[in-house]
Amino acid sequence: DFDRNGTIEQIISVPNTRGTYPLVLRHDLVKQIPSLKKKYLKYESYKEQSVTDIFDEAQLENAVIWQAEELRSTIFINEGNMRFTMKALPKEVQFAPVKSILIEDIDNDGNKDLVIGGNFSKAKPETGIYAASYGNFLKGDGKGNFDVVPARESGLICKGEVRDFVLLEINGKKRLYVLKNNEALQVYDINNQNL
């Protein structure tokens, strides 16, 4: 609570060799902590200010610091006996935020596969939108390993903000339903070769 108003402020910051710098722009920080408006009347005065420049020693001494160690999208494999192994998903999955993962045996080989989708368009203007994912089909080997199957082979192309996948079998025919924000439902017929 940097301004002692009873509300906790979260200041996401990024370290580099010169110090730790807030990710937030001046107008957003001043909106969150109005007392900083006098200190930073203009954007120029805020430029290149580190966390230790913005907040005094007493403020930082009372701050709770959390440090992110892993920012990649990952899965946890259940090894049994309350033991899990973390695995980062392949680089092709890291191009955009993951918002949905379906875990099913898509190709009927007896091994669980992953169908992954995401994207996010309501980001702040200074960060841009996150829309580099067209969805991913990852073939599982039954040992906790998953390989990306290219779209030209899987047939999976899910543009837009994917929020869920549903796999339904009706009258012996499996279909993958792709649910997106503010868009029409997308449907894939599934066979043994691809989606």
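Is Asp 189 buried, exposed or partly exposed? At 39% relative accessibility, Asp 189 counts as partly exposed (buried is under 20% relative accessible area, exposed over 50%, and partly exposed in between, with a 1.4 Å probe and protein chains only).

## About the model

This is a predicted model, in which local features need pLDDT of at least 70 and side-chain atom pairs count only at pLDDT 80 or more, while totals for chains, interfaces and linings use all residues. Residues are numbered from 1 along each chain as its sequence is written, and side-chain values use heavy atoms, leaving out hydrogens and water.

## Strands and hairpins

Let's start with E9 (residues 162–170) and E10 (residues 173–180), which pair in the antiparallel sense over eight bridges. Strands here are DSSP runs of E with at least two residues, numbered from the N terminus, and two of them pair if DSSP finds at least two bridges between them. Val 166 has Tyr 177 in E10 as its bridge partner. The two strands E9 and E10 form a hairpin with two residues between them, and Asn 171 in the turn has a positive phi of about 55°.

E10 also pairs with E11 (residues 186–189), again antiparallel, over four bridges; here Leu 176 is partnered by Tyr 188 in E11. Five residues lie between E10 and E11 in their hairpin, and Asn 182 in that turn has a positive phi of about 50°.

## Nonpolar cores

The largest nonpolar core has 14 residues, of which Val 115, Phe 165 and Leu 176 touch the most other members. A core of this kind is a set of buried Ala, Val, Leu, Ile, Met, Phe, Trp, Tyr and Cys residues joined through side-chain atoms within 4.5 Å. E9 gives the most to this core, with three residues. Apart from it lies another core of ten residues, among them Phe 2, Leu 29, Tyr 40 and Ile 54.

## Salt bridges

A search of the whole structure finds eight salt bridges, each being a side-chain nitrogen of Lys or Arg within 4 Å of a carboxyl oxygen of Asp or Glu. Back to our opening residue: Asp 189 meets Arg 175 in one of these, at 2.7 Å from N to O. This pair links distant parts of the chain, with Asp 189 in E11 and Arg 175 in E10, 14 residues apart. Arg 175 is partly exposed, at a relative accessible area of 26%.

Glu 183 and Lys 180 also form a salt bridge, at 4.0 Å from N to O. Glu 183 is partly exposed at 42%, whereas Lys 180 counts as buried at 15%. Finally, Asp 107, Asp 109 and Lys 139 are linked in a network of salt bridges.
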